[in-house]
Every structure is written in structure tokens, then in C-alpha cells.
Amino acid sequence: MSTRALVLGGGGVAGIAWEIGVLTGLAEQGVDVTGADLVVGTSAGSTTAGQLASGLPLGELFERQADPARQYPELTPTHLTIAELMEIWGALLAEVSDPLELRRRAGAMSLEAETVTEAERRAVIEGRLPVHEWPERAITLVAVDAHSGEVRLFDRHSGVPLVDAVAASCAVPAIWPAVTVGDRRYIDGGVRSSNNADLAAGHDRVLVIAPMTDPALAEEIALLAEESRVELISPDEEATAAFGADPLSPATRTPSAHAGLAQGRRLAGIVRDLWM
């Protein structure tokens with residue numbers, strides 16, 4: 001029997017809303033991919049994976065994104081804009097070529113930054129997740145050790161609470177605080193790769209839903225395609241416009257959810273050919 005993997009990439013609160021919209025649009029057309037044998041979640045994708053793990057219907061999860069009256073509270077960064085962070089990250093990329101050193105530098109930047117407290121940020125993650133327990137299924141969430149730069153994969157066997165794992169995977173360096181797990185601190189899994197699609201290796205069919213693309217994605221998909229059937233969904237023009245200049249802004253949720261819904265409905269035929 002063929003196995004299926006769903007990869008959910010990073011992209012801020014806009015990315016969460018868009019991913020839920022895409023998944024809802026697909027399901028409305030009879031292509032429900034949420035029962036994948038493996039779900040890989042990075043940053044925003046870890047939140048989406050955690051929401052899928054709640055068991056709530058996709059329609060309910062969609063309304064929690066699209067309806068302002070039902071949206072959970074989010075924080076808005078005030079000390080650093082996403083544009084400023086991208087400028088800093090671009091300078092790091094130009095200066096550092098070794099991936100491990102790059103992750104260490106990102107970790108150091110995160111540990112030195114003045115942000116909201118871990119408790120304030122954790123409360124946001126708690127609000128995002130309807131259920132705080134790991135489900136009895138294969139979900140892998142990606143984070144990075146802020147000190148060593150090593151990649152850490154969290155799942156239900158890791159002994160780490162789901163809320164902490166999602167918070168760690170979503171800890172954008174210098175925007176949100178590094179997350180304490182045991183005696184270590186962790187930052188956003190997107191520091192390794194925005195999508196970490198390569199972690200779906202070994203599955204026959206892979207659907208990658210990527211709010212953001214980075215140079216690693218094409219290589220990851222090419223490697224997967226050597227042994228797997230792969231389809232990529234990335235934001236169309238409507239979704240890109242909905243994301244705007246700041247995908248971390250809570251105001252992006254409603255338009256991004258609706259853009260994702262329309263895109264999922266439209267792409268259902270392509271995904272059906274992959275998944276069914």
C-alpha cells in the first residue's frame with residue numbers, strides 16, 4: 001500500500017490561515033489530505049499540523065481563521081519589522097555559507113533579542129491549538145537548537161508537550177523569544193528550511209503546501225521526486241496579495257484564509273490525481 005506525506009511550511013499567521021484555507025478547499029471538493037501517514041510541520045506549518053491534530057472539522061478550523069469574531073488572539077511584533085528581519089537575514093546569508101554556523105548565528109541573534117516573554121508567547125500558541133495533546137498519529141515538527149544550531153524533530157514520542165513543540169517551531173529569531181524545553185532553548189525550524197520537505201522522504205506520494213519558498217525547496221522536491229510523486233502548492237497572485245508586506249500581521253488572516261480556500265478548490269483535481 002502506498003504511503004502519503006503532507007508537508008506544511010512556514011509563513012507567519014498569513015501562512016497558517018492560507019494553509020487551512022487550502023486544505024478546506026481541497027476537502028470541499030472531495031480531496032481530504034489531512035489523514036496523511038506523516039505530517040511534517042515547520043513554523044506556521046507546525047501550528048496548522050497542531051490544529052489538524054485537534055480532530056475539529058476543517059470547516060470549523062477555517063472559521064477560526066476567516067471569521068474575525070472567532071479568531072484567537074495574536075501578538076503583533078513592535079520591536080522589529082519583518083522587512084528589517086529579512087534585511088538582517090540577507091546579510092547573514094551573504095556572510096555565512098556553512099548551514100550549521102548560519103543556524104548558530106540565528107540562535108545567538110534570537111537569544112540576545114528583546115522580545116515579549118516566553119510566557120506571553122506560549123499563551124498565544126495555547127490559543128492557536130484547540131487541543132494540547134499529541135494525537136496518536138505521525139506528526140513531526142521542526143525546530144533548531146539556539147545554541148548548537150542542531151535540528152530537533154519533535155513528535156509524540158519526544159516527551160515534549162505539543163504546545164512547547166509548536167512554540168519552538170514558530171520562534172522566529174529576534175521576533176519571538178527562543179523557547180525553553182528542558183535545559184535547551186529552541187528557535188524556528190524555518191532557519192533550517194522554510195518547508196523541510198526532505199523529511200517526507202520514504203513516502204510514495206508527497207503534497208507540499210508552502211506559503212514561502214526558499215532556495216532549498218527546489219532541491220528538496222527534486223530529491224523527493226527521485227522516489228516519490230510530489231505536488232507543490234504555493235500562493236497564487238490572490239494569496240500573495242492577501243499576505244501583503246507583513247505575513248506576521250493578524251490582519252492578514254481573513255483574506256489569506258479565503259484566498260487559500262479558493263486556491264484549494266481550484267487545485268483539487270491536480271491533488272486528487274496525486275493522492276487518490
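Colleague: How do the residues lining the largest pocket divide into nonpolar, polar and charged?

Modeller: In this predicted model, the lining of the largest pocket holds 26 nonpolar, 11 polar and 8 charged residues. Gly counts as polar in that division.

Colleague: What makes a residue part of the lining of the largest pocket, and which residues lie nearest its centre?

Modeller: A lining residue has an atom within 4 Å of a pocket point, and 45 residues line the largest pocket. Met86, Trp89, Gly190, Ser194 and Met212 lie nearest its centre. The space in the largest pocket comes to about 1,000 Å³.

Colleague: Which elements give two or more residues to that lining?

Modeller: They are helix 1 (12-28), helix 4 (82-95), helix 5 (99-112), helix 6 (118-128), helix 8 (215-225) and helix 9 (237-243). Helix 4 gives the most, with 5 residues. The chain as a whole has 10 helices and 8 strands.

Colleague: Why is serine 43 called buried?

Modeller: Buried means under 20% relative accessible area. Serine 43 has 10% relative accessibility, so serine 43 counts as buried.

Colleague: Where is serine 43, and what is its phi?

Modeller: Serine 43 sits in the loop between strand 2 (38-42) and helix 2 (44-52). Its phi is near 55 degrees, a positive value in a residue other than glycine.

Colleague: Is alanine 174 buried or exposed, and how do you know?

Modeller: Exposed would need over 50% relative accessible area, and buried needs under 20%. Alanine 174 has a relative accessible area of 6%, therefore it is buried. This residue belongs to the loop between helix 7 (162-169) and strand 5 (179-181). Phi of alanine 174 is also positive, near 75 degrees, in a residue other than glycine.

Colleague: What radius of gyration would a compact globule of 276 residues have, and what does the chain have?

Modeller: A compact globule with 276 residues would have a radius of gyration near 19 Å; the chain has 17 Å, which agrees. Along its principal axes the C-alpha trace spans about 50 × 45 × 35 Å.

Colleague: How many of the 276 residues are buried, as a percentage?

Modeller: Buried residues make up 55% of the chain, with the cut-off again at under 20% relative accessible area.

Colleague: What share of the contacts with a separation of 6 or more comes from residues 24 or more positions apart?

Modeller: Such residues account for 75% of those contacts.

Notes: Residues numbered from 1 in each chain as written. Predicted model: local features only at pLDDT ≥ 70, side-chain atom pairs only at ≥ 80, totals over all residues. Heavy atoms only, no water. 1 Å grid on protein atoms, 1.4 Å probe; cavity = no way out; pocket = protein on both sides within 12 Å on 5 of 7 lines; lining within 4 Å. Points joined across faces, edges and corners; volume = space filled by probe spheres on them. Helix = DSSP H or I, 4+ residues; strand = E, 2+ residues; numbered from the N terminus. Rg over C-alpha atoms; globule rule 2.2 N^0.38 Å. Buried < 20%, exposed > 50% of the residue type's maximum accessible area, 1.4 Å probe, protein only. Contact = heavy atoms within 4.5 Å.
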